[in-house]
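Please keep the sequence and the coordinates at hand while reading.

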Protein chains: 4
Amino acid sequence: MFEYETGVKLQDTDAAGLVFFANHFKIAHAVYEAFMESIGCGLHLIIRESAYLLPIVHAEADYKAALSLGDALTISVTADVGKTSFTLSYDFKDGQGEMAARVRTVHVAVDKETGEKITLPDEVREGFLRIS
Amino acid sequence: MFEYETGVKLQDTDAAGLVFFANHFKIAHAVYEAFMESIGCGLHLIIRESAYLLPIVHAEADYKAALSLGDALTISVTADVGKTSFTLSYDFKDGQGEMAARVRTVHVAVDKETGEKITLPDEVREGFLRIS
Amino acid sequence: MFEYETGVKLQDTDAAGLVFFANHFKIAHAVYEAFMESIGCGLHLIIRESAYLLPIVHAEADYKAALSLGDALTISVTADVGKTSFTLSYDFKDGQGEMAARVRTVHVAVDKETGEKITLPDEVREGFLRIS
Amino acid sequence: MFEYETGVKLQDTDAAGLVFFANHFKIAHAVYEAFMESIGCGLHLIIRESAYLLPIVHAEADYKAALSLGDALTISVTADVGKTSFTLSYDFKDGQGEMAARVRTVHVAVDKETGEKITLPDEVREGFLRIS
């Protein structure tokens with residue numbers, strides 16, 4: 001499990017006073033980037049220098065409790081690793097430890113040139129196995 | 001079916017050169033707002049003046065083909081209407097008519113004061129039945 | 001003068017109930033993209049195919065009246081064209097015709113390879129002279 | 001001076017490969033929120049509980065060097081405090097300590113009910129004097 005602490009910012013919210021539903025995905029992706037950095041696979045390296053990409057083919061979120069400006073957020077990520085893909089589950093807990101939302105993203109490994117599915121690169125697989 | 005024409009803007013894209021996955025949800029919501037306006041239930045009216053809200057409890061997207069800056073987008077929406085909830089399906093087609101993504105959002109009707117589930121208001125139900 | 005009609009979307013607003021100040025710049029840029037498209041210089045063409053770029057070196061906004069969810073917006077753009085740069089002024093008027101905000105962006109033409117300032121390409125200069 | 005460390009995220013960038021110009025303002029505002037929190041004036045408290053608001057009446061940015069995905073960012077903020085307003089200057093330095101951008105925001109204190117300008121509340125003035 002990888003944990004990430006943040007808080008709800010004004011730019012995450014909308015005129016209904018709560019976090020706009022699409023922004024849970026933005027926040028989740030920031031956590032993903034922090035995790036990838038932590039395993040030496042920063043996205044800037046992948047996008048600029050690697051022979052593969054890890055595009056998201058599916059994303060979903062269940063919204064369980066409202067999140068408001070200033071709320072503390074602890075997001076914990078776990079991975080389910082396949083041969084050519086992996087699924088990340090992000091649990092969003094608020095300052096009281098209540099589950100506010102669960103986000104899932106499914107990524108596949110593809111060859112940067114051909115776009116064809118490839119076996120998950122070792123460095124990525126090993127990184128995700130740490131949080132499986 | 002409700003149709004909405006737009007195009008991919010720079011602010012929708014990221015450094016991988018394509019539409020950032022969370023932005024499909026932002027675009028879908030803009031379509032939802034346009035539809036709600038078209039049936040006389042503009043979100044500004046609901047948020048400010050009605051006795052109910054229609055929060056999103058689930059959202060998901062399947063990404064099928066990359067969308068790039070300047071691509072034309074035609075988004076068509078259909079509804080599946082329940083007693084206290086409705087599901088909207090958004091098909092994103094690019095300029096060649098190819099399916100680029102499918103987004104779904106599930107909304108429930110709740111009482112603005114109590115937060116309790118309520119029967120879908122008639123004006124909303126009737127609006128969605130037009131695109132069922 | 002180039003005119004663009006839009007409306008305030010939920011994603012433009014924040015928990016204070018109004019358009020988040022940074023989003024005026026996002027909206028202005030959407031107008032810029034629509035204008036560039038209209039003169040045959042769509043940004044996707046510039047970014048992918050041209051020998052130049054038109055980066056923004058300065059941006060500013062004066063906020064004069066609050067903009068709320070559902071407000072109609074008419075944005076009119078005028079250009080001030082220099083030798084290697086141009087300045088765009090965007091007037092945001094709400095549904096009552098009241099000035100809500102004025103945004104300005106200053107762009108320079110640079111060689112895509114060297115990053116050096118270049119004379120404004122003819123196609124761009126001529127396009128902007130139409131709205132000077 | 002108040003300092004804030006962050007990094008460029010994928011959601012900050014666009015298809016030109018760099019931070020989208022409007023996102024410098026979003027990042028600056030996140031720094032502002034962190035500072036306000038640090039002086040006990042969290043924006044959620046101001047928006048929900050205080051008798052005043054601190055709307056932005058002017059914002060501007062000078063873009064000096066490109067910021068790319070994964071770049072480290074150190075943002076330092078200083079304040080210039082007036083009777084009814086304050087100006088914040090945000091210096092964005094990249095991982096090499098090079099100035100990448102300078103953002104300025106001008107805020108006024110207004111009465112939440114009447115919208116009239118008021119003298120800057122003591123708690124806010126004192127907080128900003130620490131970074132003047």
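Two strands are taken as paired if DSSP finds at least two bridges between them. The description below rests on a predicted model.

## The sheet of chains A and B

With that criterion for pairing, 10 strands form an open sheet in the order E1(A)-E4(A)-E5(A)-E6(A)-E3(A)-E3(B)-E6(B)-E5(B)-E4(B)-E1(B), and the pairing is antiparallel. The edge strands are strand E1 (2-7) of chain A and strand E1 (2-7) of chain B, each of which pairs on one side only. Averaged over the sheet and with direction ignored, neighbouring strands are turned by 15 degrees against each other.

Within chain A, strand E3 (residues 56-63) runs antiparallel to strand E6 (residues 99-108), and seven bridges join the two; in this pairing His58(A) has Val106(A) in E6(A) as its bridge partner. Where the sheet passes from chain A to chain B, E3(A) and E3(B) pair in the antiparallel sense over five bridges. His58(A) takes part here too, with Asp62(B) in E3(B) as its bridge partner, so that this residue has a bridge partner in E6(A) and another in E3(B), given that pairing is assigned from DSSP bridges.

## Helices on the sheet

Helix H3 (residues 122-129) of chain A lies across strand E4 (72-81) and strand E5 (85-94) of chain A, and runs at about 120 degrees to E4(A). In chain B, helix H3 (residues 122-129) packs on the sheet and touches strand E4 (72-81) and strand E5 (85-94) of chain B, with a direction that makes about 120 degrees with that of E4(B).

## The contact of chain B with chain A

How many residues of chain B are in contact with chain A? The contact involves 18 residues of chain B and 18 residues of chain A. The size of an interface is often given as the accessible area lost when the parts come together. Between chain B and chain A the buried area is about 1,600 Å², of which carbon and sulfur atoms give 70%. Phe21(B), Phe25(B) and Tyr63(B) supply 28% of the area that chain B buries against chain A, which is more than any other three residues.

The count of salt bridges between chain B and chain A is zero, whereas eight residue pairs are in polar contact, both residues being at pLDDT 80 or more. On the side of chain B that touches chain A, helix H1 (23-38) and strand E3 (56-63) of chain B each supply at least two residues, and the largest share, eight residues, comes from E3(B). By class, the residues of this side of chain B divide into 12 nonpolar, three polar and three charged.

## The sheet of chains C and D

Another open sheet of 10 strands has the order E1(C)-E4(C)-E5(C)-E6(C)-E3(C)-E3(D)-E6(D)-E5(D)-E4(D)-E1(D), with antiparallel pairing. Its edge strands are strand E1 (2-7) of chain C and strand E1 (2-7) of chain D, each pairing on one side only.

E4(D) in turn runs antiparallel to strand E5 (residues 85-94) of chain D, to which nine bridges join it. In this pairing Thr78(D) has Ser89(D) in E5(D) as its bridge partner, and a hairpin of three residues joins E4(D) to E5(D).

## The contact of chain C with chain B

Chain C and chain B also meet, in a contact that takes 16 residues from each of them. The area buried between chain C and chain B is about 1,300 Å², with carbon and sulfur atoms giving 57% of it. Gln11(C), Lys26(C) and Leu69(C) supply 37% of the area that chain C buries against chain B, more than any other three residues.

Between chain C and chain B the count of salt bridges is zero, and six residue pairs are in polar contact across the interface, both residues at pLDDT 80 or more. Helix H1 (23-38) and helix H2 (43-49) of chain C each supply at least two residues of the side that touches chain B. That side of chain C has seven nonpolar, five polar and four charged residues.

Notes
Residues numbered from 1 in each chain as written. Chains lettered and ligands numbered in written order. Predicted model: local features only at pLDDT ≥ 70, side-chain atom pairs only at ≥ 80, totals over all residues. Heavy atoms only, no water. Helix = DSSP H or I, 4+ residues; strand = E, 2+ residues; numbered from the N terminus. Contact = heavy atoms within 4.5 Å. Buried area = accessible area lost by both parts, 1.4 Å probe. Salt bridge = Lys/Arg side-chain N within 4 Å of Asp/Glu carboxyl O. Polar contact = N/O pair within 3.5 Å; in protein donor to acceptor, adjacent residues only side chain to side chain. Nonpolar A, V, L, I, M, F, W, Y, C, P; charged D, E, K, R; others polar. Axes fitted to C-alpha atoms, helices over the stretch in contact; angles between N-to-C directions.
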